[in-house]
Amino acid sequence: MQRVSAKVLSRVRELMADGTVTKVVGWKKGEFFYDCTPFVFETVESLDELVYDSFCAANLSKYMIKNSVIPEGQTGKVLVLLKPCDTYSFNQLLTEHRIVRENVYILGVGCEGMADIERVKAQGIKGITGASEKDGILTVETVYGNKEVAVKDVLVNKCETCKGKAHVIYDELISENEDEGAAGDRFEGVRALEAMTSEERFAFWKAELSKCIRCNACRNACPACSCRKCVFDNNASGIASKANTDSFEEKMFHIIRAFHVAGRCTDCGECTRVCPQGIPLHLFNRKYIKDINEFYGDYSAGETAGQRGPLINFTKDDVEPQIVSDREGN
Amino acid sequence: MQRIGVFVCWCGSNIAATVDVDRVVAEAKVQPNVVFAQDYQYMCSEAGQGIIRNAIAEHKLTGVVVCSCSPRMHENTFRKAAERAGLNPYMVEIANIREHCSWIHKDKEEGTEKACVLMRAAVAKVLLNSPLKAGESKVTKRALVIGGGIAGIQTALDIADAGFEVDIVEKRATIGGRMAQLDKTFPTLDCSACILTPKMVEAAANEKVKLYTYSEVESVGGFVGNFHVKIRKKARYVKDDICTGCGACMAKCPSKKGLNEFNMNLNNRPAIYIPFAQAIPNVAVIDPEQCVKLKTGKCGLCEKVCTAGAIDYTQKDEIIEEEYGAIVMATGFQPIDASKFDEYSYSTCPDVVTSLELERLMNAAGPTGGVLLKPSDKTHPKSITFIQCVGSRDVSGRGKCYCSKICCMYTAKHAMLIRDKYPDVEVHVFYIDVRTPGKNFDEFYRRAVEQYDVDYIKGQVGKVYEEDGHLVVQGVDLIANEQIILNTDMVVLATAIEPDPTARKVASMLTASIDTNDFITEAHPKLRPVESPTAGIFLSGVCQGPKDIPETVSQAGAAAAKVIGLLAKDKLLTNPCVSHSNELLCNGCSCCEKVCPYGAISYEDKLINDHGVRETRRVCVVNEALCQGCGACTVVCPSGAMDLKGFSNKQIMAEVDAICR
């Protein structure tokens, strides 16, 4: 990760300096060192703040909707740093005609999994002031001295079931582990939910969703939730008020949102990662992905640009409604 | 302030017996904005419509809710009534309290409660209705008939007779279809060829009728009045405008191993062939699977003997594009594969034949020249056993659940003809029921039993097998209540009929719906039997359901009448309930374009002024003439930019709210 990181930073600087790109969409440190926030760098000097480390989990694809549109009178391409899983989101947005591909220079960056600061803290490490990674080991600086922890033990939720280290779209690649395959069983959690009775499942979601504070972080981070105007912000949609007047409004909000991204969600895991309340929102999306795979054959949204998702397609092998209803809601 | 009137129909006792109409009226009166509510015995009658018209005038109604039967039945009736009273016809909503309520409930209390709920939903919806105006579209005055059997030919001739151009697309090399393969026809026993071939000639000679034989429909676009069809004219390797049909090529062709489909594969034909002597067009066709020249490049004998110079080994498939106002499906049927019924030993014993094969074996132009011979040793059979309902009325799952309708009659015909021509042959018929509804049908069957002494045995056959050079039939006689073991020389299976396998493909191109047996669904089983629910698509013959020849011809005429009615119009009113997109909300994601079954949605780059921000965006555009208002786009649109006039998201939401209230 460290080697890749150093190469990435110098290569970005080169591309900006030689005029190949005029803007860079990357990450910079926020208030805390582990808050790596998306940032648009517009000068070579500003690149001093560009980082690529074990805390750059944020998916930058969505930012390319706005940043791939070059304002009139301006020229040049926009560079975006994409980790392997981020490239699926990018492709899905290309499929939906949301990104102007020719204005983008994709620098695919290798990834060995991102660390979750909350899980670091959960290891009993306190007074954290900084961290650096080398060969899979995170050295955490604390006011009590340095502590070491393996990155694989503190992975963010989405990295635990990594879908593979290969980039599905890029212009240039800096990576050392492209051929590493998927890890973990990403439907394990869904299967556990399916095994519950409907009452148990309802109780589970009621408990989880009642934690929701409607901060909209999940929606705002989600690359599939990229409507020009979200139905929840549109009073005329008749849905915004629906979600607000129901006695259990979060249920409506999250379920409507899950339906809206069904078939388009690439399982990038941003929803769960950004949720300040720790709601496992990805389980909704994975349930749909699992169902789609079972009903229509394996499908991975964003695997190739321009592909036609099973929910907006029709083939003679499509599942008969009878089979869906025979599962009695499971 | 809206003023809504609610009209509750009894439908005689159809509704009133299960729904307390007084309570529905009382409940309607307290709904918001409802200023008038009344019930009546038959709201669709002139008097009932009068009540609606008077109330619109008297109470200055701005919207009408009729609680009655399905909108498919009378929505149009009530819209017209409202229009006559000066109200926009799209300000009428129907609450279906018959099919959705009284017919499916037994308990009056429950039925009444549901009727009230449905009424409430309709009131909630009509409050959000807006007046709509139908547009107009042109009508291309030409019809397409898919299938050139008796159904297709009759439909085409009737349309042509009214002065409209009509094209027939037939996948085989000749028109004529199944009827051309038949020997005699019940109940009059006239020769099938004698009554069919003049019609085939007429179709070829009629200047309004154009035949595309050896052709298939490749794709269909457009909508009622304006279909755009691509037809694939398959390579015949023979120039059809030059070939004289002399047959010299057939005599010289060295490859004689091709199975003769016209004779149900009972004998062989050359690689270059004319399907049968009376084929229309009387033009040869080369079977590329059998032709030595096409497979190896050597031979070319037919080209040498053809004095007209009609052979062209380089011919390619040709795509013809044509516009039509109406399309008739007449894709016909095929017998089911009898080898699925192994107990009858069809695949192992050559003397077990299907009824259609027997037709060929009895036909003067068939493989035996009309002399009935056993296929195995070409000797004269002494005993023949017919088995009815092979795959029809089947509960085992191997066949069809329906009655194929024609088998009882053609079996009686076969039995009678055999007894007439060969009185020494004994004939047995195993049957479940003998079904003979039709003019002179039962008399015909009785003649077979009484005059021709055909042995009808009520019961089914369990097994047929070969033993010592003859066939043994094991069955049961239900009337005598005993097992029967019969020695016989030939067994004839009355195999079920099923829609031609191309019907499914054609139906999906036409967006015509099909049932579980692949028969094309009618718009209404009783009142609109020759129309498909898809506007401009009509049904003729067995593609809609099993039929005999007289019924097929009547239906063909009926389909033609509907087509003529359509083509006679200069303009069609289009459905104003079409989808439209809010440009400010459109993401340009193309999801709607992908789900649109009518190709009505396209995208364009447009300068959009979004609250002062001007930018070029890729946005969706709906072609209102193509849109059929199915609403698939509104459901798939993530941002809710797509909406359907007359069925807006808001209206549906209001209905759901009213139901849940």
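Predicted model: local features only at pLDDT ≥ 70, side-chain atom pairs only at ≥ 80, totals over all residues.

1. For chain A, the secondary structure amounts to 13 helices and 9 strands, and the C-alpha trace spans about 60 × 55 × 40 Å along its principal axes.

2. The overall dimensions of chain A fit a simple expectation, because a compact globule of 330 residues would have a radius of gyration near 20 Å, and the value for chain A, 21 Å, agrees with this. Of these 330 residues, 37% count as buried. When contacts in chain A between residues at least 6 apart in sequence are considered, 68% of them join residues that are at least 24 apart.

3. Chain A contributes 14 residues to its contact with chain B, and chain B contributes 16 residues. On the side of chain A that touches chain B, the residues divide into 3 nonpolar, 6 polar and 5 charged.

4. Chain B contains an open sheet of 4 strands, which pair in parallel and follow the order E2-E1-E3-E4. Its edges are formed by strand E2 (34–40) and strand E4 (92–96) of chain B, each of which pairs on one side only, and the twist from one strand to the next averages 15 degrees.

5. Within that sheet, strand E1 (residues 4–9) of chain B pairs with E2(B) in the parallel sense over 6 bridges. As a point of reference for anyone inspecting this pairing, Val8(B) stands opposite Asp39(B), which belongs to E2(B).

6. Two helices that lie across the strands deserve attention. Helix H3 (residues 46–58) of chain B lies across E1, E2 and strand E3 (63–68) of chain B, and runs at about 170 degrees to E1(B). Helix H5 (residues 108–126) of chain B lies across E1, E2, E3 and E4 of chain B, and runs at about 160 degrees to E4(B).

7. Is Thr155(B) buried or exposed? This residue, which lies in helix H6 (residues 150–161) of chain B, is buried, because 34 other C-beta atoms lie within 10 Å, where the cut-off for a buried residue is 20 or more. Leaving aside residues up to four places away in sequence, Thr155(B) touches Val145(B), Val328(B), Ala330(B), Ser540(B), Ala556(B), Ala559(B) and Ala560(B). By contrast, the C-alpha atoms of Thr155(B) and Met43(B), 112 residues apart along the chain, are separated by 37 Å.

Notes:
Residues numbered from 1 in each chain as written. Chains lettered and ligands numbered in written order. Rg over C-alpha atoms; globule rule 2.2 N^0.38 Å. Buried ≥ 20, exposed ≤ 12 C-beta atoms within 10 Å, placed from the backbone. Contact = placed C-beta atoms within 7 Å. Nonpolar A, V, L, I, M, F, W, Y, C, P; charged D, E, K, R; others polar. Pairing = 2+ DSSP bridges. Axes fitted to C-alpha atoms, helices over the stretch in contact; angles between N-to-C directions.
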